Amino acid sequence: MREFSSPAEQYDKFMGRYTVPLARALADEVQVGRGMRVLDVGCGPGGLTSELAARVGAEAVAAIDPAEQFVAACSERNPGADVRQGVAEELPWEDDTFDAALSCLVIAFMADADAGLREMRRVTRSGGTLGVCMWDIAGGGMTMLRLFWDAMKAVKPDVQGERPRAGAAEGDIAERLERVGVRDVSGGAFEVSVIYEGFEDFWRPFTFGVGPAGQALAALEAPEQEAVRAALRPELPEGTFSLAARSWYATATV
Ligand SMILES: C[S@@+](CC[C@H](N)C(=O)[O-])C[C@H]1O[C@@H](n2cnc3c(N)ncnc32)[C@H](O)[C@@H]1O
């Protein structure tokens, strides 16, 4: 089953709530502002696209994602933006089209991450900027996913998890950018946080089957799913709580 086949509203509850502050941090780092023409690669339902549209106007924003239902949601949420269905590895825009190309939480899911970055470089003009971020999976800085995969491993010790994915370890995005021949590569970490109304607000979105975590849970039998839930419950407080999430990012000049 595809990792991102869920409806946009389910993605919003699972991960999109994190995209809002993360998109702001990434757009700040790239210094996206009036007069720029910008691209959002792997836009999902459009969290970063909306942040970009608020800064430069929707007509100056393009976005792309392979998931049909996300393309539809992103278009609907960002009228005037050029939203297309496709993949990072084959961007359907001419060379030098954009002043900046950004990608938020996508590099880990590209079939060929370096090819995706090369395409982002190609469609960005000389002197333009690339900005890419991905969760700190390897270091456990994305609390929600760390708690989940720890609970999964307690129930299914041989489960794969998301650690080996592109961008998930410190410095990996910057190394990849260096490889694709851009200059002034610099990187760091964004720290964001999200508020949950309680345990059910945290747990239910995992049952929607979104992303590798949701898919891994969906692949379990009901009693095993219940065991994952039971392993997670004592890790989280009663009532409202906030979870911190660290992402690695890197920017570069084309
Ligand atoms: C975790 S979501 C991130 C969505 C959005 N950027 C955000 O921050 O909310 C990952 C997205 O990458 C998309 N994706 C998967 N493979 C891709 C590829 N090869 N090129 C571009 N996007 C891809 C998925 O469809 C999904 O929308």
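Helix α5 passes helix α9 in a right-handed crossing (left-handed if the near helix is turned anticlockwise from the far one by less than a right angle, right-handed if clockwise). This is a predicted model, in which local features need pLDDT of at least 70 and side-chain atom pairs count only at pLDDT 80 or more, whereas totals for chains, interfaces and linings use all residues. Residues are numbered from 1 along each chain as its sequence is written.

## Helix pairs

The axes of α5 (residues 143–155) and α9 (residues 222–232) come within 9 Å and cross at roughly 125 degrees (axes are lines fitted to C-alpha atoms, for helices over the stretch in contact, with angles from 0 to 180 degrees between N-to-C directions). Because of this angle, α5 is oblique to α9 (under 35 degrees is roughly parallel, over 145 roughly antiparallel, 65 to 115 roughly perpendicular, the rest oblique). On the α5 side the contact is made by Leu 147, Phe 148, Ala 151, Met 152, Ala 154 and Val 155, and on the α9 side by Glu 224, Ala 227, Val 228, Ala 231 and Leu 232 (contact: C-beta atoms, placed from the backbone, within 7 Å). By class, this contact of α5 with α9 holds 10 nonpolar residues, no polar residue and 1 charged residue (Ala, Val, Leu, Ile, Met, Phe, Trp, Tyr, Cys and Pro are nonpolar, Asp, Glu, Lys and Arg charged, and the others, Gly among them, polar).

Helix α4 (residues 113–122) packs on helix α6 (residues 172–179) at an angle of about 60 degrees, with the two axes 9 Å apart. That angle makes α4 oblique to α6, and the crossing of α4 and α6 is right-handed. Here Ala 113, Asp 114 and Leu 117 of α4 meet Arg 176, Leu 177 and Arg 179 of α6, so that the residues of this contact divide into 3 nonpolar, no polar and 3 charged.

For α1 and α2, the axes come within 8 Å and cross at roughly 40 degrees. The angle makes α1 oblique to α2, and this crossing, too, is described as right-handed. Gly 16, Thr 19, Val 20, Ala 23, Arg 24, Leu 26 and Ala 27 of α1 form the contact with Gly 47, Leu 48, Glu 51, Leu 52 and Arg 55 of α2, a set with 6 nonpolar, 3 polar and 3 charged residues.

## The sheet

An open sheet of 7 strands, with mixed pairing, has the order β3-β2-β1-β4-β5-β7-β6 (helices, H or I of at least four residues, and strands, E of at least two, are DSSP runs numbered from the N terminus). Its edge strands are β3 (82–85) and β6, each of which pairs on one side only (strands pair if DSSP finds at least two bridges between them). From one strand to the next, the twist averages 20 degrees. Selected pairs are set out below.

| Strand pair | Sense | Bridges |
|---|---|---|
| β5 (residues 124–135) and β7 (residues 241–253) | antiparallel | 7 bridges |
| β6 (residues 183–196) and β7 | antiparallel | 12 bridges |
| β1 (residues 38–41) and β4 (residues 98–104) | parallel | 3 bridges |

Met 134 has Trp 248 of β7 as its bridge partner, Arg 183 stands opposite Thr 253 in β7, and Leu 39 is partnered by Ala 101 in β4. Helix α1 lies across β4, β5, β6 and β7, and runs at about 150 degrees to β6.

## The shell around the ligand

Around the ligand there are 25 residues, of which Thr 19, Gly 42, Gly 44, Ala 88 and Phe 109 come nearest (a residue is near if its C-beta atom, placed from the backbone, lies within 6 Å). Helices α1 (8–30) and α2 (47–56) each supply at least two residues of this shell, and the largest share, 3 residues, comes from α1. By class, the shell comprises 16 nonpolar, 7 polar and 2 charged residues.

Conventions:
Two residues are in contact if their C-beta atoms, placed from the backbone, lie within 7 Å.
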